[in-house]
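Opening the notebook on a new model today. I want to jot down what I look up as I go.

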Amino acid sequence: MNISLFTKKNTTASIWSGGLTYEYMIFPETANYIDRDFLFRISSATIEKVPSEFTKFMGYYRYLVMLDNSLDIEVNKEKKIYKKYEIMEFSSNDDVTSYTKGIDFNWMVSEKISHHKLKIANSNQNCNAQIIILFSIDTTAIKINEKPYNLKRYDLLVIENPEKKNIMLDLSNKCLFGLLDF
């Protein structure tokens, strides 16, 4: 089992057409965002321009969560509204236009991977996925099999668990909780 902490303060901003994006992690590490050869990518972005067209990524599924605002959006010309922390799921091939400014969490998963899920968790979790992601919405203490980790707001903890061992998680606060199996 390998546990990696990616802090918000150590992310670097890149420009996208609607604002800035901060990449936390790309997997595998040898993958390249521009080549679109990653299995998954975790980032957070600012939406500063309204309207903003989301970048398309052929062959990827996306989870998007607004961290500071609701989201007024149009997906393939269908209008939708998501509340703050409500999880939006969509194909990265979709035409997506945002009419809201704010900060989001974004998890892109290759369509080659069939088992993945994102939810909000704020209590003990017991899981055995190959990849477990925990994105702190606020300052959070996390115990992984009794070992403590302290996350600041918008920090990311990733557990690589290739042997699929059972892992007990104790969360002190609400987190985005993702599971992925290859």
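Entry one, cysteines. This is a predicted model, and I began by searching the whole structure for disulfides, which gave zero. Why no bond at C127? I checked its sulfur: the closest cysteine sulfur belongs to C175 and sits 12 Å away, which is too far for a bond. The cut-off for a disulfide is 2.5 Å between the sulfur atoms. I looked from the other end too, and C175 is in no disulfide, with the sulfur of C127 as its nearest at 12 Å. Then I looked up burial: C127 is buried at 8% relative accessibility, and C175 is buried at 0%.

Entry two, the sheet. I traced an open sheet of six strands, and the order reads β2-β3-β4-β11-β6-β9 with antiparallel pairing. Which strands stand at the edges? I found β2 (13-16) and β9 (87-91) there; each has a single partner strand, so one side of each lacks a neighbour in the sheet. On average, neighbouring strands are turned by 30° against each other, ignoring direction. I followed β9 to its partner β6 (residues 60-66) and got five bridges in the antiparallel sense. One pair I noted is Y61 with S91 of β9 as its bridge partner.

I placed S52 in strand β5 (residues 52-53). Is S52 buried or exposed? It is buried, at a relative accessible area of 1%. A polar atom of the S52 side chain lies 2.3 Å from the backbone oxygen of K49. Setting aside neighbours within four places in sequence, I listed the contacts of S52 as W16, G18, I47, V96, T97 and S98.

Definitions and conventions:
Residues are numbered from 1 along each chain as its sequence is written. This is a predicted model: local features need pLDDT of at least 70, side-chain atom pairs count only at pLDDT 80 or more; totals for chains, interfaces and linings use all residues. Side-chain values use heavy atoms; hydrogens and water are left out. Helices (H or I, at least four residues) and strands (E, at least two) are DSSP runs, numbered from the N terminus. Buried means under 20% relative accessible area, exposed over 50%, partly exposed in between (1.4 Å probe, protein chains only). A polar contact is a pair of N or O atoms within 3.5 Å; within protein, one must be able to donate a hydrogen and the other to accept it, and residues adjacent in sequence count only if both atoms are side-chain atoms. Contact means heavy atoms within 4.5 Å. Two strands pair if DSSP finds at least two bridges between them. Axes are lines fitted to C-alpha atoms, for helices over the stretch in contact, and angles run from 0 to 180 degrees between N-to-C directions.
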